[in-house]
Amino acid sequence: MSIRVVIIGGGAAGFFAAITCGENYPDARVILLEAGREPLSKVKISGGGRCNVTHGCFDPSLLVQHYPRGGKALRGAFSRFQAKDTVAWFESQGVELKTEADGRMFPTTDSSETIVQCLLDAAEIAGVKVRTGIMVTEIAFEAGKWLVKGKSGQIWECDRLLLATGNSPSGWKWAKYCGHQVIPPVPSLFTFQISDPRLQDLPGVSVTNVKVRLPLGGKNKLEQSGPLLITHWGISGPAILKLSAWGARELHDVNYKTSLIINWLPQYKLEPLREMLLLVKSQLPRRHIISSCPVPIPSRLWERLVIASEIQPDTRWAELPNKQLDRLLHQLLQGEYQIQGKGVFKDEFVTCGGVDLKEVDFKTMESKIHPGLYFAGEILDIDGVTGGFNFQSAWTTGYLAGQAMGKTIQIS
């Protein structure tokens with residue numbers, strides 16, 4: 001008897017699971033149900049329309065370090081299907097990927113349409129029946145089979161059911177219905193809203209490498225490094241997005257209102273930086289401090305930090321007292337800024353939280369509580385930092401679920 005598989009959710013994880021199942025088990029009957037009129041909508045808008053498919057990190061032990069939640073569970077999963085396998089699969093479909101300087105991997109076309117069309121074509125070839133505009137309202141398990149009910153009254157019967165509903169509340173509701181614990185979802189990967197004179201009227205100004213720290217988390221040190229971008233509403237950039245991911249739960253608990261420590265010059269220690277500024281003071285005594293920036297930050301930002309140090313615009317280096325030098329060092333290395341709220345990271349909404357990973361078998365992605373039920377993608381309590389890591393967990397969990405769901409049922 002052929003296996004009947006229903007997948008709810010037409011995103012990256014759902015499609016990859018459907019394709020994998022169809023490719024490996026030609027006799028399986030695979031149906032994918034998507035609520036939207038167009039599947040793969042998140043794939044289409046990701047990476048600014050370029051689709052950051054994965055990350056060029058091919059060592060599973062290093063790859064898992066980019067997941068604030070789920071890294072431990074993914075360690076074994078990545079030994080079965082990791083970024084290198086993702087690249088190989090897309091190349092087998094005629095889609096070449098390229099690696100950028102920061103490790104992010106995109107299709108060489110720089111168009112997410114390439115990835116969307118590839119997945120649609122692969123699903124069709126694998127015999128997957130894709131149904132769009134299907135709003136699933138209920139799932140039930142009766143007489144050894146799953147019943148999936150649509151809003152218009154349709155009912156699909158299946159032997160295996162995969163929930164790949166992303167961060168949709170309905171997916172978590174069904175998981176709870178089946179007896180699963182759901183870790184309360186909160187936002188991850190977002191920018192910070194900060195209104196501060198030091199940053200005002202500087203949108204577009206960026207610093208290549210900063211260190212940012214949140215005085216939250218208790219024993220967990222919430223600190224990240226990388227590029228930072230000043231925006232109209234506050235700050236963004238890889239360093240901030242990574243920090244928001246690792247501190248997602250703690251930031252939620254304080255309603256996104258806390259202090260942020262910025263080290264604009266992490267390459268300098270305090271005393272060496274002091275010595276360097278004293279050397280400038282002796283070598284350029286008649287220069288105005290505000291117009292002669294001796295450190296690798298944008299001059300407009302330097303001006304703001306000088307003013308914040310209570311140094312008058314007409315002060316020359318020779319006139320700089322030690323007290324104001326100390327203030328300037330403080331602004332450069334450990335300035336404190338007040339976060340007043342969170343921004344939204346484009347349209348790529350990522351959540352921290354989801355189905356408890358202890359209740360899922362990461363060899364097959366099958367529920368440990370309810371046989372025949374599977375999970376893949378963001379419905380799980382897994383989230384990665386920006387850079388292709390969230391897509392990689394979707395490909396991996398989708399692949400493992402697809403490999404497992406089509407296996408013939410053993411009748412004892």
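**View A. Asp201 lies in the loop between strand 12 (192-193) and strand 13 (206-213).** Helices (H or I, at least four residues) and strands (E, at least two) are DSSP runs, numbered from the N terminus. Asp201 has a positive phi of about 60 degrees, although it is not a glycine. Asp201 is exposed, with a relative accessible area of 56%; exposed means over 50%, buried under 20%, and partly exposed in between (1.4 Å probe, protein chains only). This is a predicted model, in which local features need pLDDT of at least 70 and side-chain atom pairs count only at pLDDT 80 or more, while totals for chains, interfaces and linings use all residues. Residues are numbered from 1 along each chain as its sequence is written, and side-chain values use heavy atoms, without hydrogens and water.

**View B. Asn255 sits in the loop between helix 9 (248-253) and strand 16 (258-263).** The phi of Asn255 is positive, near 60 degrees, in a residue other than glycine. Most residues other than glycine have a negative phi.

**View C. Helix 5 spans residues 83-92.** Ala83, Thr86, Val87, Trp89 and Phe90 are buried. These residues lie on the same side of helix 5 because they cover an arc of only 165 degrees around the axis, taken from the directions from the helix axis to the C-beta atoms. Just after helix 5, Gly94 has a positive phi of about 85 degrees.

**View D. Leu119 and Leu161 have the most contacts inside the largest nonpolar core, which has 85 residues.** A nonpolar core is a set of buried Ala, Val, Leu, Ile, Met, Phe, Trp, Tyr and Cys residues joined through side-chain atoms within 4.5 Å. A second, separate core of 46 residues includes Phe192, Leu216, Met276 and Ile339.
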